[in-house]
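Colleague: I would like to go through this model with you, one question at a time, and hear how each answer is reached.

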There are 2 protein chains.
Amino acid sequence: MNKTMTACVLVIGNEILSGRTQDANIQYLATELTTLGIRLAEVRVISDDEGEIIAALNSCRAKFDYVFTTGGIGSTHDDITAASVAKAFGVAFETHPEAERILLAHYGDKANTARMRMAMMPRGAELIDNPVSTAPGFKVDNVYVFAGVPVIARAMFDTVRATLKGGPTLVVHTVSSVGVSEGMIGEDLRILQDQHPNVDIGSYPFLKSGGFGVNLVVRGADKDLVKAACMDIQGLIEGAGGTAIEGETEGEEF
Amino acid sequence: MNKTMTACVLVIGNEILSGRTQDANIQYLATELTTLGIRLAEVRVISDDEGEIIAALNSCRAKFDYVFTTGGIGSTHDDITAASVAKAFGVAFETHPEAERILLAHYGDKANTARMRMAMMPRGAELIDNPVSTAPGFKVDNVYVFAGVPVIARAMFDTVRATLKGGPTLVVHTVSSVGVSEGMIGEDLRILQDQHPNVDIGSYPFLKSGGFGVNLVVRGADKDLVKAACMDIQGLIEGAGGTAIEGETEGEEF
């Protein structure tokens with residue numbers, strides 16, 4: 001079996017930590033990485049602080065196969081991600097000739113100091129195309145540096161998607177229980193998990209229209225084993241007097 | 001000047017990392033903490049893995065004044081947060097008598113092994129009231145353990161809000177620029193930031209109706225200094241041919 005590839009997302013931005021802005025990149029990247037068979041193992045949201053960025057980068061790039069950062073690569077004084085990546089890798093922070101060419105071609109006589117700062121990158125950076133607003137992201141080793149604006153972050157991810165090495169994707173199937181809460185079946189569910197050691201059963205309670213329900217999410221590499229666990233879960237819910245609702249399947253159709 | 005109090009939010013949940021669920025607690029806690037004058041310095045989303053939870057807890061509780069966790073305190077086999085908190089603090093994991101009493105009173109003859117597991121907590125835990133679904137959260141030292149379901153997490157935060165010690169809140173004012181992007185004024189903005197060293201100017205570009213704009217967010221302890229910076233920013237935007245739009249003020253009215 002292939003090694004599971006892991007990833008970490010670093011969201012760099014005071015605006016998320018102040019509550020001013022709702023993050024819109026985490027779920028997108030999480031979903032896309034899962035689809036590629038890459039396990040998103042951690043997300044960190046950190047402030048626009050050089051020391052914090054360097055510490056998080058060096059910890060995460062050693063620990064995970066891929067690190068994706070969002071935010072802090074614009075043209076203003078508070079955009080310090082690129083310079084911090086250079087410091088984390090201990091390389092020069094300098095104008096990238098190809099990025100400079102791209103920005104000059106785009107801005108023409110509207111090129112100015114602020115905009116041309118977006119051509120400054122860690123030495124050795126490989127550019128990541130930005131089809132939305134031109135100024136490129138970049139990659140150094142296993143660190144991918146994206147813009148924070150969601151439409152641009154997504155476009156940059158699309159640019160690199162085909163180059164990412166994933167593992168086998170999991171089959172994921174959800175059975176929702178209405179009328180039977182997780183507390184009513186928790187002990188039987190624990191036994192059921194023990195009986196199905198090759199799948200992972202997650203139990204996610206929800207509150208809807210005043211009543212509690214629970215989504216039981218079964219993940220596994222083998223479609224038949226996932227299916228067998230789901231059938232047992234369905235029996236468990238119905239045996240407890242509830243209604244089992246077949247949810248979506250991801251990864252592979254049943 | 002009082003010490004700035006800092007906080008960290010630990011979101012514990014595979015369902016966020018798989019992209020299945022959009023987190024709905026980070027922005028709420030960020031906003032509420034900011035309002036209390038507590039700086040949310042970091043957020044981590046980690047998986048339902050005992051080793052990961054213990055490592056993150058021990059790192060974050062040493063680094064920040066407050067740690068708030070969400071997720072993993074329900075009644076099923078995948079709810080391992082409470083036991084992990086006990087291990088992180090090196091204390092026994094045992095039935096909390098008051099939590100047991102609350103759960104027995106609530107469930108009556110529907111109490112069962114799974115539900116009574118929710119009375120198990122680290123020795124010495126102080127209960128956090130749960131007005132939504134009864135099973136309490138808890139606090140050990142500076143670690144506050146909340147449920148993941150947003151309506152419950154919010155209710156638990158409301159329970160402890162009055163006990164949290166914040167610092168002075170900042171005045172925050174936003175000036176939005178339409179027709180002038182951050183790249184056009186980035187260099188002048190850097191100079192403006194240098195001229196106003198006692199405020200923090202954040203520059204957040206956005207894409208709306210096909211055009212770029214930028215929100216310039218000014219933060220500071222002193223209302224008059226924030227106001228002065230905002231007036232200069234307004235002048236900068238209008239001088240560059242754009243339209244400056246007064247945005248919301250938080251913390252204190254101008």
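Colleague: Which residue in E8(A) does Lys139(A) stand opposite?

Modeller: Please keep in mind throughout that this is a predicted model. In chain A, E7(A) and E8(A) run antiparallel and are joined by three bridges. Strands of a sheet pair through backbone hydrogen bonds, either parallel or antiparallel. Looking across from Lys139(A) into E8(A), the residue that stands opposite is Tyr144(A).

Colleague: Which are the edge strands of the open sheet to which these strands belong?

Modeller: The open sheet is formed by 12 strands with mixed pairing, in the order E6(A)-E7(A)-E8(A)-E3(A)-E1(A)-E2(A)-E2(B)-E1(B)-E3(B)-E8(B)-E7(B)-E6(B). From one strand to the next, the twist averages 20°. An edge strand pairs on one side only, and this describes E6 of chain A together with E6 of chain B.

Colleague: At about what angle to E2(A) does H2(A) run?

Modeller: Helix H2 spans residues 26-35 of chain A and is one of the elements that supply at least two residues to the side touching chain B. H2(A) lies across E1, E2 and E3 of chain A, and its angle to E2(A) is about 165°.

Colleague: What kind of axis relates chain A to chain B?

Modeller: Chain A can be laid on chain B by a turn of 180° and a shift of 0.0 Å along the axis, with an RMSD of 0.0 Å.

Colleague: Why can one say that the copies meet through the same surface, and how many charged residues are on the side of chain A that touches chain B?

Modeller: The copies meet through the same surface because 100% of the interface residues of chain A are also interface residues in chain B. The contact takes 46 residues from chain A and 46 residues from chain B. By class, the side of chain A that touches chain B has 17 nonpolar residues and 19 polar ones, while the number of charged residues is 10.

Colleague: Turning to chain A by itself, how far apart are the C-alpha centres of its two domains?

Modeller: Chain A is divided into domain 1, which covers residues 5-161, and domain 2, which covers residues 171-250. The C-alpha atoms of the chain fill a box of roughly 70 × 45 × 30 Å along the principal axes. Within this chain, the C-alpha centres of the two domains lie apart by 38 Å.

Colleague: Is Ser177(A) buried or exposed?

Modeller: Ser177(A) sits in strand E9, residues 171-178 of chain A. Leaving aside residues up to four places away in sequence, Ser177(A) touches several residues, among them Gly213(A), Val214(A) and Ile237(A). Since 27 other C-beta atoms lie within 10 Å of Ser177(A), and a count of 20 or more is what the term requires, Ser177(A) is buried.

Colleague: How does Val214(A) come out by the count of C-beta neighbours, buried or exposed?

Modeller: Val214(A) is found in strand E11, residues 211-220 of chain A. Its contacts, not counting residues up to four places away in sequence, include Ser177(A), Tyr204(A) and Phe206(A). Because Val214(A) has 26 C-beta neighbours inside 10 Å, Val214(A) counts as buried.

Conventions
Residues are numbered from 1 along each chain as its sequence is written. Chains are lettered from A and ligands numbered from 1 in the order in which they are written. This is a predicted model: local features need pLDDT of at least 70, side-chain atom pairs count only at pLDDT 80 or more; totals for chains, interfaces and linings use all residues. Helices (H or I, at least four residues) and strands (E, at least two) are DSSP runs, numbered from the N terminus. A residue is buried if 20 or more other C-beta atoms lie within 10 Å of its own, exposed if 12 or fewer, and partly exposed in between; C-beta atoms are placed from the backbone. Two residues are in contact if their C-beta atoms, placed from the backbone, lie within 7 Å. Copies are superposed by least squares on the C-alpha atoms of residues with pLDDT of at least 70 in both. Ala, Val, Leu, Ile, Met, Phe, Trp, Tyr, Cys and Pro count as nonpolar, Asp, Glu, Lys and Arg as charged, and the others, Gly among them, as polar. Domain bounds come from an automatic or database domain assignment. Two strands pair if DSSP finds at least two bridges between them. Axes are lines fitted to C-alpha atoms, for helices over the stretch in contact, and angles run from 0 to 180 degrees between N-to-C directions.
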